[in-house]
Amino acid sequence: DGVEDHQTTLQASAQKKRLQTAAAVMVPRHREPGSPSESRVLDGVEPSLQQRFVASSFGRWLEGWFDGLRRHLHLSGKNGPDHGERRQLTSSLLLRQGTPFALLALIALVTTWLVGIDAPEGLTEAGWRSLIVFGLCLVLWVSQLLPLSVTSLLGLALLPLLGVFPATEVFALFGNPAVFFILGAFMLAAGVMKTGLSEHLALSVLERMGSSPRRLLMAMLLMPAAMAMFMPEHAVAAVFLPIAWEIVRSLGLRREQRYAQAIFFALAWGAVIGGVATLLGGARGPLALGLIEELTGQTFTFAEWTEAALPIVLIMLAIALFQLLRATTGLKLNISEAQERIELKRLELGTLGWSGRAMALLLAGTVIAWISSGHASSLATISLISVVLMFALRLVRWSDVESHVNWGVIFMYGGAIAIGKALAVTGAGEWLATMMLPEGISPFGLIVLLAIGTLLLTECVSNAAAVAIMLPVALPFGVAVGLDPITIALVVGIVSGFAFMLPMGTPPNAMIFSTGYVQFRSMLRYGSRLSLSALIVFLAVVWLWWPVIGRGV
């Protein structure tokens, strides 16, 4: 009996091993990226809900699925599962990997059904169809079943197809000045990275400030924040991530140690918070600018955005620094090796060349011109002129720019502006505001609701998508309670930048999470504190400071 029991146990163990082997071969493995290049954050790809990191392309996913299925179906022989087990595993694979296709098919069927029914009372047929397009894009933006830019292209195609707008009017919205402003800003940021200016600045500051663990942590927070005021936050995080790796490795820190986690948190929080201070930190600000100008004809300046956002940014940096220092209280580290690594890396770079110095002067002049300019078209004109000068001075090549600029953002902008325009022109946005707006709500009460809604939404989708979703609906709400449209645009645009809790909220979060040193529960715990602090600080600044600068509620 003992021998038989032993044989039965061995057979069960062998069968379990075959099942595990089959499952491992059957499912295509998505290796967690360990660097910004591997995670494709440098390309501006938006974080995925499914992977919690950076979204891979649909074609790569589909190719991986078919490859896994093909390898599974070729399993045979004594080491593979039997026919029944293989059929069961195949069914499981098809069910799991086929879910996105089923969801897309369901969304298409629901959309087709909605188009076929009559418009609700008080809403025109064009307004109803524009609302359907908006709802469809909302679901796809949030679910990330399609890339953000592809969803925007779908919206662009459906508006003329459903008779909401003529095709010429829809595609003309790609000419919005805000699109060319952010395109020029991204190109200039590519020049800053290619000439080595950003890395020289970062290493110089860290070498001077990193004399103690607390000072090093402070530098890793404040330097990315300062740089994110002049270049996109994902580019800033890409500059500092290799530096953070050098610091962690030189100190011999393990993944579970608090200081290692704090170093990565510092660079991500600094990039996220600092990017809110100006229109250059990300796509949300220029998108809010383009939407408000297209929907209302009003606009705000580069300086007005900074005037409204800078007090919030400064307070949030102080709160983030306090949280980092508190989390690492009592730690004793020998920082000399990290200083040596930073100094060695700076020596490897050498002195800043003439191209880096010329890029610094060009960027400084561009920022001064942006601050002194007024209209959105002026911002775009200055951006394009600066880009032309950058190429005329031979500071970069076109191939350098191509590898650093997220061209998909152009499609995202065009689609978002077109959908917002459709909601405004057809009256769908006003109808929706009438149906959803609570009676008797005060202007400040509406700001509180919009801030909470935007803050929650931006944790799940990119901040640009959050602006595209919230602003077209928020504008009619604001008008109904007597709020200035510019105030509404600033509320949605600024709050959408404070994403701290989840990896998919913003590229810097995805990048530090992909290192493996930042645990999900830690990001959720510390990020929720920062998000709550951002909400409280924002509302306090709106109540106390905004009336002083003419943005009173």
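This is a predicted model: local features need pLDDT of at least 70, side-chain atom pairs count only at pLDDT 80 or more; totals for chains, interfaces and linings use all residues.
Arginine 394 is exposed, with a relative accessible area of 65%. Its place is in the loop between helix H18 (376–392) and helix H19 (398–402). The backbone of arginine 394 has a positive phi of about 60°, although this residue is not a glycine.

Now take the whole chain. The secondary structure of the protein chain comes to 26 helices and zero strands. The chain has 553 residues, and buried residues make up 54% of them. Its accessible surface comes to about 23,800 Å². Carbon and sulfur atoms account for 62% of that surface. Among contacts between residues at least 6 apart in sequence, 79% join residues at least 24 apart.

Single residues show such contacts in detail. Alanine 416 is found in helix H20 (residues 408–425). Its relative accessible area is 0%, so alanine 416 is buried. Which residues does alanine 416 touch, not counting residues up to four places away in sequence? They are Trp141, Ser152, Leu287, Leu291 and Ala468. The residues alanine 416 and leucine 153 are 263 residues apart along the chain, yet their C-alpha atoms are separated by 9.3 Å.

Threonine 111 is found in helix H5 (residues 99–116). Its relative accessibility is 16%, and the cut-off for buried is under 20%. Therefore threonine 111 counts as buried. Leaving aside neighbours within four places in sequence, threonine 111 is in contact with Ile132 and Leu136.

Arginine 284 is found in helix H14 (residues 284–296). Is arginine 284 buried or exposed? At 1% relative accessibility, arginine 284 counts as buried. Its contacts, leaving aside neighbours within four places in sequence, include Glu233, Val272, Gly275 and Val276. Asn463, Val467, Gly493, Ser496 and Gly497 are also in contact with arginine 284. Valine 492 lies 208 residues from arginine 284 along the chain. The C-alpha atoms of arginine 284 and valine 492 are separated by 8.8 Å.

Arginine 284 leads on to helix packing. Two packed helices are described by the angle between their axes and the distance between the axes. The axes of H14 and helix H24 (residues 485–495) come within 9 Å and cross at roughly 155°. Angles over 145 degrees count as roughly antiparallel, so H14 is roughly antiparallel to H24. The crossing of H14 and H24 is right-handed. On the H14 side, the contact is made by Arg284, Ala288, Ile292 and Thr296. On the H24 side, the residues are Pro485, Ile486, Ala489 and Gly493. By class, the contact of H14 with H24 has five nonpolar residues, two polar and one charged.

A second pair is H10 and H11. Helix H10 (residues 197–209) packs with helix H11 (residues 213–228) at an angle of about 150°. Their axes are 9 Å apart. How is H10 turned relative to H11? The angle makes H10 roughly antiparallel to H11. The crossing of H10 and H11 is right-handed. H10 brings Ser198, Leu201, Ala202, Val205, Leu206, Arg208 and Met209 to the contact. H11 meets them with Arg215, Leu216, Met218, Ala219, Met220, Met223 and Met227. The residues of this contact divide into 11 nonpolar, one polar and two charged.

The last pair is H13 and H26. Helix H13 (residues 258–274) and helix H26 (residues 520–544) pack at an angle of about 45°. The axes of H13 and H26 are 12 Å apart. The crossing of H13 and H26 is right-handed. Gln261, Phe265 and Trp269 in H13 meet Ser522, Met523, Tyr526 and Leu530 in H26. The contact of H13 with H26 has five nonpolar, two polar and no charged residues.

Definitions and conventions
Residues are numbered from 1 along each chain as its sequence is written. Side-chain values use heavy atoms; hydrogens and water are left out. Axes are lines fitted to C-alpha atoms, for helices over the stretch in contact, and angles run from 0 to 180 degrees between N-to-C directions. Helices (H or I, at least four residues) and strands (E, at least two) are DSSP runs, numbered from the N terminus. Angles under 35 degrees count as roughly parallel, over 145 as roughly antiparallel, 65 to 115 as roughly perpendicular and the rest as oblique. A crossing is left-handed if the near helix is turned anticlockwise from the far one by less than a right angle, and right-handed if clockwise. Contact means heavy atoms within 4.5 Å. Ala, Val, Leu, Ile, Met, Phe, Trp, Tyr, Cys and Pro count as nonpolar, Asp, Glu, Lys and Arg as charged, and the others, Gly among them, as polar. Buried means under 20% relative accessible area, exposed over 50%, partly exposed in between (1.4 Å probe, protein chains only). Accessible areas come from the Shrake-Rupley method with a 1.4 Å probe; for residues, only the protein chains shown count as cover.
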